[in-house]
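I opened a notebook on this chain to record what I looked up. The entries cover aromatic rings, charged side chains and pockets.

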Amino acid sequence: MPTSRRSFLKHSTLASAAAAFPAFVRGQNLNSKLQVACVGVNGMGYSDLHNVGSHAAVKFVGFCDVDANRFDKADKEFPGVKHFSDYREMFSTLGDGFDAVTVGIPDHMHAPVAVAAMQKGKHIYCQKPLAHTVWEARQMRLWAEKKNLVTQMGNQIHSSIEYRMGTRLIKEGAIGKIKEVYSWVGVTGNERTRMFQPPPSAPVPANLNWDLWIGAAPMREYAPAYHPFIWRDWQDFGGGGLGDFGCHIMDPVFTALDLTAPISVHAKNSGINNQIWPTHETINYVFPGTQYTAGKTMKLTWMDGGLKPSHKLAQMPGDIDLPGSGSIFIGEGGTMVLAHVAGPRLYPLDKFTGFKYPKEEGRSHWHTWVDACLAGTKTSDGFHYAGPLAETVQLGNVATRLAIPKIDPVTGRMEEANKVLEWDAANLKFTNAPEADKLLTKTYRQGFEVAAA
């Protein structure tokens, strides 16, 4: 990228004024459009490029997907963009001819792609859960800081009116300081496959580059159970229910309470092997207290696979059900139920009858990122924030992989076999469980390594 154009995108006052005077800015600088390359162009990859591309200042310069049959929707909406199957080839071919990258592919390849782009100084929009391991999430944040890049995680409800309203109510003290939070999602770790071991192999479809799809993960034979969607159930590729929804549902908890890293994590589950995530699990996190919490520490409990907290905790009327997914904030002066995705509700009803909810507006999560790239400013959901949130999600997955229940041979009762893991975020290690440290990262297949920042 020429120096003048880099300066325009990152530092110029004209770019900062682009939202107010877009025609003037583009008229003064022919290179004022943000040139974006997309890795993953179907599913959430398509959703991201569709929404990013609806910004008037965006020009797509490369589409990359390992499946040649999945370009159709992107091509129909944005014809004429060059195709690639290998992100490394795309980055090399485009050279200085792109400014930013969207990453909408299976979790295990988020960090290899995003870090490779950040090393080249490219801004990043990356789908949740940001990374596949705790170590990757840390490197994503550090690379963004090192290169001074504009980043955004793809948990788009962060910008929606529902979550913005909920976090505002907590910060403004609508239910007082928060004593405890429960978050849950209805999906399970293996609800889509109902498998517990690798499925039978099958011939690789002609349209799919299986080697590139596997990428950083250990090589295994192709099976239709993995592509294009069910990959999320498998530990080598995804993060189960927690990896899928944790960065959505715990996002307003982090935002409202200014949380960063937990000090401990403990898990129990329905049973787990080294292939598939458990059918259901409960993760107990303890965080340092903040100005919005009632104590020196605060407990956050995550549940999935159909598990929910007690209805009584919410102080809701008996004829109202808890939502299928969401959070309960238990405050000193009441409770707030924040569904995924719906507006917040305050309880008990008799206390909050007539409560006037403040006015709040939603934003385009994608346009916020584009505007920040052009202006050289931060987003509220950049990797400085999303990194610690993603680390917390993956810490839960570390804990659940160690939570192997055992059955008492006398009573037949299932007992927990793990312990509370004490977390040292500054040094990226557990202080009381060296056996867990090896699960913070993984071994990469040659050619798909993630560089440390």
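**Entry 1: rings.** I began with the cluster that ring pairs make out of W210, W213, Y222, Y226, W234 and F237. The model I read is predicted, so I kept its limits in view: local features need pLDDT of at least 70, side-chain atom pairs count only at pLDDT 80 or more, and totals for chains, interfaces and linings use all residues. Residues are numbered from 1 along each chain as its sequence is written, and side-chain values use heavy atoms, with hydrogens and water left out.

I noted the rule for a pair: rings of Phe, Tyr and Trp (its six-membered ring) with centres within 6.5 Å, called stacked if the planes are under 30 degrees apart, edge-to-face if over 60 and tilted for the rest. How many aromatic pairs does the structure hold? I found 16. One of them is F91 with F98, a stacked pair at 5.5 Å centre to centre and 20° between the planes. I looked up burial next (buried is under 20% relative accessible area, exposed over 50%, partly exposed in between, with a 1.4 Å probe and protein chains only). F91 is buried because its relative accessibility is 2%, and F98 is buried at 0%.

F254 and F287 make an edge-to-face pair, 5.5 Å centre to centre with 90° between the planes. This pair links distant parts of the chain, since F254 is in helix α12 (residues 251-257) and F287 in strand β9 (residues 281-288), 33 residues apart. Helices (H or I, at least four residues) and strands (E, at least two) are DSSP runs, numbered from the N terminus. F254 counts as buried at 1% relative accessibility, and F287 does at 0%.

**Entry 2: salt bridges.** I used this rule: a side-chain nitrogen of Lys or Arg within 4 Å of a carboxyl oxygen of Asp or Glu. The count comes to 14 salt bridges. Which parts does the bridge between K442 and E136 tie together? Its N to O distance is 3.8 Å. K442 lies in the segment after α16 (434-437) and E136 in helix α8 (residues 134-147), so the bridge joins parts 306 residues apart in sequence. K442 is partly exposed at 23%, whereas E136 is buried at 0%.

I also checked R168 and E172, whose closest N and O atoms are 2.8 Å apart. R168 is partly exposed at 28% relative accessibility, and E172 is exposed at 51%.

D244 bridges to R232 at 3.4 Å between the closest N and O atoms. D244 is in helix α11 and R232 in the loop between α10 and α11, 12 residues apart. Both D244 and R232 are buried. Shared partners join D107, K128, R232 and D244 into one salt-bridge network.

**Entry 3: the largest pocket.** I wrote down what a pocket is: on a 1 Å grid over the protein atoms alone, an open set of points where a 1.4 Å probe fits, with protein on both sides within 12 Å along at least five of seven lines; lining residues have an atom within 4 Å of a point. Which residues lie nearest the centre of the largest pocket? They are N42, G104, I105, P106 and W231, out of 37 lining residues. Elements giving two or more residues to this lining are α4 (44-53), α7 (110-119), α10 (210-214) and α11 (240-249). The most comes from α11, with three residues.
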